Amino acid sequence: MLQVTGLRCARGGVPVLENVSFQVAAGTVLVLRGPNGVGKTTLLRTLAGLQPALAGQVTCTGESAYASHADGVKTALSVTENLAFWADVHAETLPDDLFAAFELDELRDRLAGTLSAGQKRRLGLARLGVINRQVLFLDEPTVSLDGNSVRMFANWIRDVHLARGGCAVIATHIDLGLSALTLELSPYVAAPDAGGGMDEAFL
Amino acid sequence: MIALLIRDLRLAVRAGGGFGLGLAFFLIVVVLVPFGVGPEQMVLARIAPGILWVAALLAALLSLDRIFALDFEDGSLALLATAPLPLEGVALAKACAHWITTGLPLTLAAPTLGFLLHLDGAAYAFLLLTLLMGTPALSMIGTFGAALTVGLRRGGLLMSLLVLPLYVPTLIFGAEAVRRGAEGLPTAAPLMLLAVITAGSIAFLPFATAAVLRINLR
Amino acid sequence: MSLWEYANPKKFMGWTAPVLPWAFSGAAACLVIGLVWGFFLTPDDFRQGSTVKIIYLHVPSAMMAINAWGMMLLASLIWLIRRHHVSALAARAAAPVGLVMTLMALFTGAIWGSPMWGTYWAWDPRLTSFLILFLFYLGYIALWAAIEDPDTAADLTSVLCLVGSVFAILSRYAVNFWNQGLHQGASLSLDKEENISDVFWLPLLVCIAGFVLLFIALVLLRTRTEIRARRARALMARAVRA
């Protein structure tokens, strides 16, 4: 479903990862691991098309979506309004069982500004259930979630997203309890003389 | 696009949205002018078209930096960039929301303030008409300026420096049409040129704005 | 071999090094000859007296103020289309030179305006256009200075230069429309009626050549400095990573 070959990507014009190649089949999850600063976020942003790759190819069948710690929750809107907005933008309908899946049922009409950090995070993740995209690129989705919420999110990924033939690439440090392939990024760290950076022409 | 427009309007009228601040600023600037130049009716009537246009322009400028800054900080802009709505559409929706929350109220309030400045009776229609035609251009040009400076921490001042020179033609044609209207001269030429600027801005600047947003989101 | 290869930073440094002294000495020679010829060896104008001689600074600087923006526009387009770093840096290097040329045109205009129009400043369309051009230069330079990432800065300033050019031209016509003005007609147009006589024209041409050479020399020098700065930055970044 997602095929990456020989990808090289840069952060701030400096190549950080090179020769990254992997495949993700429909209905499976790939977990990215590696120490801080190795380039997990950079890789995910490149895969999502938010920044150009220096080299290599990304082929993706099905539409993709990207989610990071900044999940675009508007504090002045209610939980329902937040989700309804993303549903409208993506021309989808807001599924009613979504609130239960992300334990937002009692919070439906609360302003997002009055939610706790974990609740807000659940709201941000619930967006993924609204937009109905096949390929998800998730950057640390479980930050500030308690153990129960992490299980709930993992269940949603497995029972809803993967069950309908989606796939996901997730950068995370914790064990989600999903049966997932793992990709350790440390071996792919770009050599100091890797080409393609914006300063290359000047060296 | 409509969804984004509605969301932005909703955010603007909710607490902390700052709706009406531009209008209040417009009122205050216009009230301050007579304190500066003196209360003579003739003087005020002469400079009223220019004052009203310059004050409207500054009031529109005031709220520009909010157009993208909040969406950039909380990540909405990156999420919108991967949504089916093209960024050109985002730019247009944002400019439209800015116009409805700023340009339109300013236009509607201007005749009242014109009254305070003894604006010539014949000029009211032109004041309304030029502001109605010109403020969309102000919003669109401003949206472009806001997109240019969205990634910068203290972009507000820089944005004014970039946007104000771009406002020059709109201001000249707008204020000129009102002045000619007040003096009973033909106004077709400045009105038409103002319309050209507005139409051209709305037609082309969304593309420039989207290009700049893509660069800033990289 | 394509013309674009000269835009490679290393190549550029190579071929500009020998060109630079020639450009500077050519500029100096033309300016000395043109100014001495213009100031001391031409007769006074029958209406304007000796004040007319300021055209030897005023006209070339005004021309270069506009041409510098034109060059920045071209360099910005090249950067956006072909992504040659040198072209982005050349646009950046030209901006302060253009700004100084604009200021010079404004100042010499004010000095000339004082005896001729009885005022240092008038909201004459041409003067006003130059004031607006000055603001455009300021904004452009400020945007370059505000952005840390050099490629992002190059991209954003290029788009600003394109949009700004359209609005600068619009402003030019708007200002004309707004005030008919006092300015005398073009000094160099082919229309003989408003043209100045050959006695003044030849030294003026030499001065213009001098300003063009000076502009080229300054832009080359500043571009070389920008390239060196980028190279130093790149080397330091690599040293940190290694």
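How many salt bridges does the rule find across the interface of chain B and chain C? The rule, which asks for a side-chain nitrogen of Lys or Arg within 4 Å of a carboxyl oxygen of Asp or Glu, finds one.

This is a predicted model, in which local features need pLDDT of at least 70 and side-chain atom pairs count only at pLDDT 80 or more, whereas totals for chains, interfaces and linings use all residues. Residues are numbered from 1 along each chain as its sequence is written, chains are lettered from A and ligands numbered from 1 in the order in which they are written, and side-chain values use heavy atoms, with hydrogens and water left out.

**Stop 1: the interface of chains B and C**

Select C:Asp155 and B:Arg218, the two partners of a salt bridge whose closest N and O atoms are 2.9 Å apart. C:Asp155 lies in helix H5 of chain C and B:Arg218 in the segment after H9 of chain B, so the pair joins two chains. (Helices are DSSP runs of H or I with at least four residues, strands are runs of E with at least two, and both are numbered from the N terminus.) C:Asp155 is buried at 2% relative accessible area, while B:Arg218 is partly exposed at 36%; buried means under 20%, exposed over 50% and partly exposed in between, with a 1.4 Å probe and protein chains only.

Now widen the selection to the whole contact (heavy atoms within 4.5 Å), to which chain B gives 28 residues and chain C 27 residues. The buried area, meaning the accessible area (1.4 Å probe) that two parts lose on being put together, summed over both, is about 2,200 Å² here, and carbon and sulfur atoms give 83% of it. One residue pair is in polar contact between these chains, both at pLDDT 80 or more. A polar contact is a pair of N or O atoms within 3.5 Å; within protein, one must be able to donate a hydrogen and the other to accept it, and residues adjacent in sequence count only if both atoms are side-chain atoms.

On the side of chain B that touches chain C, the elements giving two or more residues are helix H7 (124–148), helix H8 (155–183) and helix H9 (188–217) of chain B. H8(B) supplies the largest share of that side, 12 residues. The residues of this side divide into 21 nonpolar, two polar and five charged; Ala, Val, Leu, Ile, Met, Phe, Trp, Tyr, Cys and Pro count as nonpolar, Asp, Glu, Lys and Arg as charged, and the others, Gly among them, as polar.

**Stop 2: the nonpolar cores**

A nonpolar core is a set of buried Ala, Val, Leu, Ile, Met, Phe, Trp, Tyr and Cys residues joined through side-chain atoms within 4.5 Å. The largest has 171 residues, and those with the most contacts inside it are A:Phe22, A:Leu43, B:Phe26 and B:Phe144. Helix H5 (residues 150–178) of chain C gives the most to this core, with 12 residues.

Centre the view on B:Phe144. Leaving aside neighbours within four places in sequence, its contacts include B:Leu166, B:Leu205 and B:Val212, as well as C:Val159, C:Leu160 and C:Val163. A second, separate core of 10 residues includes C:Ile55, C:Tyr56, C:Phe200 and C:Leu204.

**Stop 3: the loop at B:Thr149**

Select B:Thr149, in the loop between H7 and H8 of chain B. B:Thr149 is buried, at 6% relative accessible area. Its side chain reaches the backbone oxygen of B:Gly145 at 3.2 Å.

**Stop 4: the interface of chains A and C**

Here nine residues of chain A are in contact with 16 residues of chain C. The two chains bury about 1,300 Å² between them, 63% of it on carbon and sulfur atoms. In chain A, select A:Met198, A:Phe202 and A:Leu203, which lose the most area to chain C, together 58% of what that side buries. The count of salt bridges between these two chains is zero.

**Stop 5: salt bridges within chains**

Select A:Glu63 and A:Arg133, a salt bridge with its closest N and O atoms 3.6 Å apart. A:Glu63 lies in the loop between strand E4 (55–60) and strand E5 (64–67) of chain A and A:Arg133 in the loop between H4 and E6, so the pair ties together parts that are 70 residues apart in sequence. A:Arg133 is buried, at 4% relative accessible area.

Finish at C:Glu226 and C:Arg92, whose salt bridge has its closest N and O atoms 3.8 Å apart. The pair links helix H6 (residues 198–241) and helix H3 (residues 85–117) of chain C, 134 residues apart.
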